[in-house]
Amino acid sequence: MKNNNNNSTKLILLHPYIQKQGSSNRLWLLAFLSFFTLAFLLAIIYTRDSSSAAAASSTVTAPATPGPLPTTVINTLLHYVSRSNESYHMSQPDLKLISDILRKCPAPCNFLVFGLTHETLLWKSLNHNGRTIFIDENRYYAAYVEEKHPEIDAYDVQYTTKVSEMGELIAVAKEQVRSECRPVQNLLFSDCKLGINDLPNLVYEVDWDVILVDGPRGDGPNSPGRMSAIFTAGVLARSKKGGNPKTHVLLHDYYRKVEKVCGDEFLCRENLVESTSMLAHFVLERMDPNNFQFCRNKMATSSSPKL
């Protein structure tokens with residue numbers, strides 16, 4: 001009986017149906033494990049790729065331009081520049097006025113400066129997230145500044161005017177206000193004697209948000225004076241094609257006759273919003289090309305002012 005039981009057990013274990021069921025279960029188990037392993041590997045790969053993509057995305061979408069300078073940094077710069085030992089430098093109130101305008105200028109701010117001065121590096125720093133271009137009468141000094149400070153963009157211009165000619169130049173501009181000396185035009189193609197037409201094309205193409213006139217020299221009758229710079233600033237502001245329709249024009253040494261007469265003539269007293277003892281702040285708006293009048297409320301100035 002014992003032997004029969006053993007034989008019976010062997011028959012059951014070796015029965016083909018039982019063997020088939022065992023193989024099938026093992027195949028299902030193997031398939032399940034393989035699927036689970038594959039899914040696990042795919043999850044790891046997807047997680048790693050997602051992390052890499054997120055890191056790359058955060059790198060690419062990082063701000064391309066820095067934010068505004070902290071107030072403490074601005075105040076420190078103004079403090080040291082205003083206390084320089086240089087003979088010719090702006091006072092603290094003048095520096096503060098310009099700094100406040102640049103601080104409020106939406107980025108990226110386009111800042112055009114006539115004159116390479118003691119404050120050149122300050123203007124570049126205060127407008128560090130925008131475009132700042134300098135125009136100077138001395139080609140050698142412009143090249144020197146660019147070589148010493150590669151971050152500065154400076155261009156030279158050859159002025160053909162003299163302070164002693166101011167009255168005559170203004171009179172001609174008035175005669176040609178509907179042709180060569182109109183308030184809205186591309187000066188690159190103008191023959192107006194007060195217009196500057198030999199600067200790089202980009203100067204005429206950029207919509208300037210802030211323009212500072214602090215050059216050229218105007219301390220003697222044979223100096224070029226700022227008549228052309230003031231006229232050009234007025235035309236550039238009124239001829240903007242896009243961007244902010246308003247332009248802040250800052251005129252330094254406003255106490256001098258040339259600056260005051262030309263400022264009132266081409267920037268207009270009605271646009272004067274604030275001033276210090278040395279600096280005048282005008283806000284000009286984009287003008288219709290068919291308008292041939294610089295000022296809405298004409299000042300009672302002489303038609304041919306003399307020095």
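K240 touches D207, W208, D209, P245, K246, T247 and R286, leaving aside residues up to four places away in sequence. This is a predicted model. K240 sits in the loop between α9 and β5. The structure also holds six aromatic pairs. The points below take K240, then helix α9, then the rings.

**K240 and its surroundings**
- K240 has a relative accessible area of 4%. Buried means under 20%, so K240 counts as buried.
- The side chain of K240 reaches the backbone oxygen of W208 at 3.2 Å.
- That side chain also reaches the backbone oxygen of K246, again at 3.2 Å.
- W208 is 32 residues from K240 along the chain, and their C-alpha atoms are separated by 7.7 Å.
- Both W208 and K246 are among the residues that K240 touches.

**Helix α9**
- Helix α9 covers residues 227-238, which makes twelve residues.
- The helix reaches 17 Å from its first C-alpha to its last. That is close to the 16 Å expected at 1.5 Å a residue.
- Twelve of the twelve residues of α9 are buried.
- The buried residues include M227, I230, V235 and L236. R238 is also one of them.
- F231 is another buried residue of α9, and F231 belongs to an aromatic cluster with F266 and F294.

**Aromatic pairs**
- How is a pair of aromatic rings described? The distance of the centres and the angle of the planes describe it.
- The ring centres of Y254 and F282 are 6.0 Å apart, with the planes at 80 degrees. The pair is therefore edge-to-face.
- Y254 lies in the loop between β5 (246-252) and α10 (257-268), while F282 is in strand β7 (residues 279-285). The pair so ties together parts that are 28 residues apart in sequence.
- Are Y254 and F282 buried or exposed? Both are buried.
- F266 and F294 form an edge-to-face pair, at 5.2 Å centre to centre and 75 degrees between the planes.
- F266 is in helix α10 and F294 in the segment after β7. This pair links distant parts of the chain, 28 residues apart.
- F266 and F294 are both buried.

**A charge over a ring**
- Which residue lies over the face of Y140? R139 does, at 6.0 Å from the ring centre.

How values were computed
Residues are numbered from 1 along each chain as its sequence is written. This is a predicted model: local features need pLDDT of at least 70, side-chain atom pairs count only at pLDDT 80 or more; totals for chains, interfaces and linings use all residues. Side-chain values use heavy atoms; hydrogens and water are left out. Rings of Phe, Tyr and Trp (its six-membered ring) pair if their centres lie within 6.5 Å; planes under 30 degrees apart count as stacked, over 60 as edge-to-face and the rest as tilted. Helices (H or I, at least four residues) and strands (E, at least two) are DSSP runs, numbered from the N terminus. Buried means under 20% relative accessible area, exposed over 50%, partly exposed in between (1.4 Å probe, protein chains only). A charge sits over a ring if NZ of Lys or CZ of Arg is within 6 Å of the ring centre and within 35 degrees of the ring normal. The expected span of a helix is 1.5 Å times one less than its number of residues. Contact means heavy atoms within 4.5 Å. A polar contact is a pair of N or O atoms within 3.5 Å; within protein, one must be able to donate a hydrogen and the other to accept it, and residues adjacent in sequence count only if both atoms are side-chain atoms.
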